[in-house]
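Dear colleague,

I am handing over the structure below, and after it you will find what I noted while going through it. Please read the notes with the model open beside them.

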Amino acid sequence: MADPHAYDLVVIGSGPSGRRAAIQAAKFGRSVLVIDRQARVGGVSVHSGTIPSKTLRETVLNLTGWRERGFYGMAYRVKTDIDADDLRARLAKTLDYEVDVLDHQFSRNGVAVQRGLAHFVDGHRIGILTPAGDTRTVSADKVVIAVGTRPHRPAHVPFDDSIVLDSDGIISLDRLPRALTVVGGGVIGIEYATIFSALDVRVTLIESRDSILDFVDREVIAGFMHQLRDHGMNFRLGTRLEAIRIESGQPVAMLEGGQRVRADMLLYTGGRAGATDQLNLAACGLQADTRGRLKVDPKTFQTAVPHIYATGDVIGFPSLASTSLEQGRIAACHAFQQHVPPAPEFFPYGIYSVPEISTVGMSEEDARARGVPYECGIARFRETSRGNIMGLRGGMLKLVIALDTRRLLGVHIMGEGATELIHIGQAVLNLGGTLDYFLDATFNYPTLAEAYKVAAFDAWNRITPRDTCGPSEPPPPDPPGAAP
Ligand SMILES: Cc1cc2nc3c(=O)[nH]c(=O)nc-3n(C[C@H](O)[C@H](O)[C@H](O)COP(=O)(O)OP(=O)(O)OC[C@H]3O[C@@H](n4cnc5c(N)ncnc54)[C@H](O)[C@@H]3O)c2cc1C
Ligand SMILES: NC(=O)c1ccc[n+]([C@@H]2O[C@H](COP(=O)([O-])OP(=O)(O)OC[C@H]3O[C@@H](n4cnc5c(N)ncnc54)[C@H](O)[C@@H]3O)[C@@H](O)[C@H]2O)c1
């Protein structure tokens, strides 16, 4: 009789990359076991990362009436006195539903799930310490390590999950602060800082670099920071957090140079580390780097041990749920000798701050650094009828275009709907499209997507000599009553 503990694939971790690898392998008819130490499947993505933070954001935007303030003024609120219970109520419902969908996906695809902490016994055997305290061992032909990351908790930060928290703690707050210090201007820090600022919490953001979100076009970031400052957010850039003191029950951030920042709560988002420390990697011949991450072949996601793959945040950049899903699929396809087309060259980044930002392809700075002759076109959302109807005052879309070929090089959007709108640019970019696509295409009207056309005309006007007749000069409309 076949060994009931032997699987074609064992996946450690049920986050986006593990889940996708497991289901893809099951679709190939393989026997698959997913192991996760958490009580419920879904990983960091569902329980402490992507989904909770986006749910909190949506709740805050709805309850504060943020999207309507362009018309009704900054004092407008859908609900006065928003408290932590208001935020938590929607969170629990959303997460339950996500877990339910995943459980169903696993069961209908025949993927077995075992709760417990996994560790390698050798290259093909994995021990599982179950919540009951037993250890069982399973064996696998192939293994996917999809264990993700956890917040980096430096020793000098006195975390107490009450007034000094990391991004795991912030989602289960039992009260809202009046003032919040956020340490770290990466994506997590910026998202939470702006979400709390939208709640009218007084936020100070501390970042050791001179700027935030370095991978985003600088003009977009300048507009973004202007909006945040205008709403009262305070930035302390180019300065490191050295220590945190608790004074009268409040965290005081001590910065290099002697500055002090006092608040009711402090959120530390100074990076994350791979969750590989309990895997006993030495038993399978692997070693993680100093931040717990594993090295892989970027095309196949194989580690140095060819039948062991690693996917998702544990391999580092770009550390997105979106890219993790694809990595899991590619690893499963490679492991079971199925063809995988190469990944498209460009993938988008969505930053769910308030306002949101999304970007794909080259920024203006990238084009300049690579010596590519380029021109830009910019549209403000308020220039579109839809933006006007929605009462949008901020928001912009920027195209970066190659001067010699008119090829689209990059799209950068800040404002309402940015993370959805970016996919138009992504498609044109990956299909090798040019400025002319936007000039010639007909867009629904009124939409924010029209901003692509406005930005394209702006670029065309800059590129084209003044005496050329072209798309910036549409024919005059027919007079009323003219014959068709
Ligand atoms: C606050 C926050 C917001 C984010 N927002 C976004 C966003 O908006 N968009 C986006 O694309 N990405 C976002 N991300 C990133 C996204 O969550 C990650 O890229 C994604 O979750 C990584 O997936 P993964 O497959 O590596 O697994 P993870 O989701 O990291 O899950 C790993 C799982 O492995 C389990 N595990 C670990 N060790 C073991 C072990 N030894 N045995 C058994 N199980 C183990 C863990 O319990 C966990 O369930 C966000 C992240 C954070 C923290
Ligand atoms: N919308 C999204 O796609 C999304 C959202 C959240 C997180 N994520 C992913 O999660 C990952 C982790 O994000 P993160 O923001 O925790 O990490 P990060 O490494 O991107 O940013 C950490 C920031 O903290 C700063 N910092 C560290 N120590 C400091 C100190 N002592 N004083 C002042 N500043 C300090 C660093 O300079 C850095 O800018 C990212 O790679 C990101 O891709 C993605």
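Around ligand 2 there are 24 residues, and the closest are Gly184, Gly186, Ile188, Gly270 and Ser319; a residue is taken as near a molecule if its C-beta atom, placed from the backbone, lies within 6 Å of it. This is a predicted model, in which local features need pLDDT of at least 70 and side-chain atom pairs count only at pLDDT 80 or more, while totals for chains, interfaces and linings use all residues. Residues are numbered from 1 along each chain as its sequence is written, and chains are lettered from A and ligands numbered from 1 in the order in which they are written.

The shell around ligand 2 is made up of nine nonpolar, ten polar and five charged residues, where Ala, Val, Leu, Ile, Met, Phe, Trp, Tyr, Cys and Pro count as nonpolar, Asp, Glu, Lys and Arg as charged, and the others, Gly among them, as polar. Helix 6 gives the most to this shell, with four residues; helices (H or I, at least four residues) and strands (E, at least two) are DSSP runs, numbered from the N terminus.

Helix 6 has twelve residues, and twelve of the twelve are buried, which for any residue means that 20 or more other C-beta atoms lie within 10 Å of its own, whereas 12 or fewer make it exposed and values in between partly exposed. Val187, which lies in helix 6, counts as buried because it has 22 C-beta neighbours inside 10 Å. Just after the helix, Asp200 takes a positive phi of about 70°.

An unreviewed UniProt entry places the feature "binding site" at residues including Gly184, Val187, Glu207 and Gly271, although such annotations may be inferred rather than shown by experiment. The annotated residues span 88 residues in sequence, yet no two of their C-alpha atoms are more than 13.8 Å apart, so they gather at one spot. Gly271 is found in the loop between strand 15 (265-268) and strand 16 (272-274), and it counts as partly exposed because it has 14 C-beta neighbours inside 10 Å.

Finally, the largest nonpolar core holds 80 residues, of which Leu266, Leu267, Leu399 and Ala456 touch the most other members; such a core is a set of buried Ala, Val, Leu, Ile, Met, Phe, Trp, Tyr and Cys residues joined through C-beta atoms within 7 Å. The largest share of this core, eight residues, comes from helix 6 (residues 187-198).

With kind regards
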